[in-house]
Every structure is written in structure tokens, then in C-alpha cells.
Amino acid sequence: RLAEMDALVRKSFKTFDYKRVMAAMLNFTGVDLSAVYFDIRKDSLYCDAPGDERRRAARTVMALVLERLLAWLAPIMPFTTEEAFLISPFAGRAASIHLTQLPATPEAWRDDALAARWEQIFAVRRVITGALEVERREKRIGASLEAAPVVHIADTGLRELAGSVDMAELCITSGITLTGEAAPAGAFSLDEIAGVAVIPALSTGGKCARCWKVLPEVDETHPLCHRCDDAVATHDAGA
């Protein structure tokens, strides 16, 4: 997405089409970042051990995002980007954001096949989150982490694709079961995403006091899940 946005921004700046840049930025920050990436990755950032590879990778991505957002928005929001730049990790590069160039974005970042793959995965996610929204509205769950839905995916390739990633992590649930069995009557589905249906279910176990996931290993005598136990022990050991 950064590669796609970089191409759009550079093309728009050449024609002084700042309105197009701003519209794209609003969608990118409001949807791709806030509603999707940050919402999913906050669990890793808050709860993984400080040196965990997944958490470190997320911080790297966020730094790359910040670097580009500051440069892309500088001609449109000069004062705000200047203030942010001066307290950012990139402040030592120049006396001002307006004395820097747009950062180079490697061509290898643009991967249309990968984008198509994730478009399919997020189509499945839309059905799952749609089902969870109904459960919240009907007061059957309070938060998505209370859920462990069963997802019926008719297409074998799509089911394998969904199984290649941690769908529970992507949907911010405590668990997810993928199955190729026919969906029972009453399963939640979306007309625009054929062959995917969801039966909501509650996750079993106790609520972890640290990450709030509902997992079997958590009870009154073990208030933390295995991951949080390890993260706390690593922190206490000074690692």
C-alpha cells in the first residue's frame, strides 16, 4: 500500500493536484491504517515481549509509514508536519521537514499478486467482522475477543488462503475455526462475498488480565495466558 500511495502522491504532485493527495491520505490513514493495520497490530505492540520479532516488525512498518506520511503531507499541512518531524526519529536529517526530499520507495515493495491475495483474505474478514457486529448489536458479546467463530468457506483455494494466516489475529478474536463443511441455516453471510458464511460462537476459558483474550489456559489460578506469561517473564528478566 505504501508503494501504491507513493506512486499516486508523486504523480499528483507533478500536476499540483493536492486535492487528490488529501483524499487519498484521508482514506489511507482512516481505513488502511486506523481501521485495519493499527487495530490489528495494537495487540502485538501492547502485549508481545519487547524483543518479539512480530512486534519489532510492526514498529519498523510504523516508522516507514510515518516517514512517508510526513513527507507526503508536508506541502499540504506545513505546520503540523513540521512539529511532528521535529520530534520524530528522522529529525536529525535536516533542520526542517521542508528541507527534505520524498523518501525513495523500493520498487520491490509493489507486489500486485500479494495485494490480490490479501484482497481475498480481507473479503473473508469482512464476513467475519460483519457477523461479530451483529453479535455486539444484539448484546450477545461485548467485544470481539469474546468470540471464536466458525467460518464455512466453500472454495478450497480460498479456505487454504485464509488458513495460511492467523485469521483470529486479523479479526481480533480469541480463536477461529475454518471448515469446508456446508454452512447451516442461519449462518451469517454477505451477498457480495459468495461461499463464505459464519456461525458465531463464544471462546471458552478465562479472560487474560493482560491481553484480554479468552483462552482455555486462563483461570482463577492462572490470570495470564501463556504468551503474556512469557512476555512478563522476559520483561522482568530484563531481556
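Where is the kink in helix α2 centred? The kink in α2 (residues 18-47) is centred on F38 and amounts to about 45°. This is a predicted model. The protein chain holds eight helices and six strands. Four strands form an open sheet with mixed pairing. The largest pocket has a volume of about 1300 Å³.

**Overall layout**

- Along the sequence, the elements of the protein chain follow the pattern α-α-α-α-α-β-α-α-β-β-β-β-β-α.
- Taken along the principal axes, the C-alpha atoms of the protein chain fill a box of roughly 60 × 50 × 35 Å.
- The protein chain has 239 residues, and buried residues make up 38% of them.
- Take the contacts between residues at least 6 apart in sequence: 61% of these join residues at least 24 apart.

**Helix α2**

- Return to α2, the helix with the kink of about 45°.
- Buried residues in α2 include V21, A24, M25, F28 and L33.
- Further along α2, V36, I40, R41, D43, S44 and C47 are buried too.
- Which helices do the buried residues of α2 pack against? They pack against α1 (2-14), α3 (53-73), α5 (112-137), α7 (167-171) and α8 (226-236).

**The four-stranded sheet**

- The strand order is β2-β1-β4-β3.
- The edge strands are β2 and β3 (188-190), and each pairs on one side only.
- From one strand to the next, the twist averages 25°.
- Strands of a sheet pair through backbone hydrogen bonds, in either the parallel or the antiparallel sense.

**Strand pairing, pair by pair**

- β1 (residues 150-153) and β2 (residues 177-179) pair in the parallel sense, over three bridges. In this pair, V150 stands opposite T177.
- β1 and β4 (residues 193-199) pair in the antiparallel sense, over four bridges. Here H152 stands opposite A197, and V151 stands opposite V198.
- β3 and β4 pair in the antiparallel sense, over two bridges. L190 stands opposite I193 in β4.
- How many residues lie between β3 and β4 in their hairpin? There are two residues between them.

**Helices on the sheet**

- α5 lies across β1, β3 and β4. It runs at about 40° to β4.
- α6 (residues 156-163) packs on the sheet and touches β1, β2 and β4. The direction of α6 makes about 160° with that of β2.
- α5 is also among the helices that the buried residues of α2 pack against.

**The largest pocket**

- The volume of the largest pocket is about 1300 Å³.
- Which residues of its lining are closest to the centre? Of the 33 lining residues, these are R1, Y37, L114, W118 and F122.
- α1, α2, α3, α5 and α7 each supply at least two residues of the lining.

**Loop residues to look at**

- E192 lies in the loop between β3 and β4. Is E192 buried or exposed? Its relative accessible area is 60%, over the 50% cut-off, so E192 counts as exposed.
- E192 and V127 are 65 residues apart in sequence. In space, their C-alpha atoms are 9.7 Å apart.
- F16 lies in the loop between α1 and α2. Phi of F16 is near 60°, a positive value in a residue other than glycine. F16 counts as exposed because its relative accessibility is 61%, over the 50% cut-off.
- W212 lies in the loop between β5 (206-207) and β6 (214-215). Phi of W212 is near 70°, also positive in a residue other than glycine. W212 is exposed, with a relative accessible area of 51%.
- Most residues other than glycine have a negative phi.

How values were computed: Residues numbered from 1 in each chain as written. Predicted model: local features only at pLDDT ≥ 70, side-chain atom pairs only at ≥ 80, totals over all residues. Heavy atoms only, no water. Pairing = 2+ DSSP bridges. Bend = angle between axes of the 7 residues up to and from the residue. Buried < 20%, exposed > 50% of the residue type's maximum accessible area, 1.4 Å probe, protein only. Contact = heavy atoms within 4.5 Å. Axes fitted to C-alpha atoms, helices over the stretch in contact; angles between N-to-C directions. 1 Å grid on protein atoms, 1.4 Å probe; cavity = no way out; pocket = protein on both sides within 12 Å on 5 of 7 lines; lining within 4 Å. Points joined across faces, edges and corners; volume = space filled by probe spheres on them.
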